[in-house]
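Subject: Structure handover

Hello,

Here is the structure for your files, with notes on what was found in it below. Please keep in mind that this is a predicted model.

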Amino acid sequence: MDEPAWTDVMPDSALGEGAARGIVVDGTAVALFRTGGEVFALRDRCTHGAAKLSDGFLEDMCIECPLHEGRFDLRTGRAVQLPATVAVEVFATRVNDGQIQIRLA
Ligand code: FES
């Protein structure tokens, strides 16, 4: 089976260090973050409730949900702080020819 395609989502220069953006890619809400120079993409919905992770707070390679302070590891999506207990989906990212690209699973 073919791997899912990479999709351009924004210019690399549009996502500064420490930035968070909520975007929609092919109907999927995606939260994009840049920290430590790397770009991370997670599904833009907390697994505990109806909060957008793109509205959360970046700290120590984690995103903290703005609603109840659940935390998720940006690299794996793993829930690392209650009340969140279920991992959030993570999407592969890369920078190619000046564009941030993601690959929806
Ligand atoms: S909605 Fe995110 S921790 Fe409750």
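L74 has a list of contacts beyond its neighbours within four places in sequence: F33, T35, F40, L42, L58, M61, C62, I63 and V90.

Six strands make up an open sheet with antiparallel pairing, in the order β1-β10-β9-β4-β3-β2. At its edges stand β1 (7-11) and β2 (20-25); each has a single partner strand, so one side of each is left without a neighbour in the sheet. On average, neighbouring strands here are turned by 30° against each other, direction ignored. Within this sheet, β3 and β4 run antiparallel and are joined by six bridges. F33 stands opposite F40 in β4.

An open sheet of four strands, also paired antiparallel, has the order β5-β6-β7-β8. Its edge strands are β5 (57-59) and β8 (79-81), each of which pairs on one side only. The twist from one strand to the next averages 30°. Strand β7 (residues 71-73) runs antiparallel to β8, and two bridges join them. The bridge partner of R71 in β8 is Q81.

Regards

Terms used. Residues are numbered from 1 along each chain as its sequence is written. This is a predicted model: local features need pLDDT of at least 70, side-chain atom pairs count only at pLDDT 80 or more; totals for chains, interfaces and linings use all residues. Side-chain values use heavy atoms; hydrogens and water are left out. Contact means heavy atoms within 4.5 Å. Two strands pair if DSSP finds at least two bridges between them. Axes are lines fitted to C-alpha atoms, for helices over the stretch in contact, and angles run from 0 to 180 degrees between N-to-C directions.
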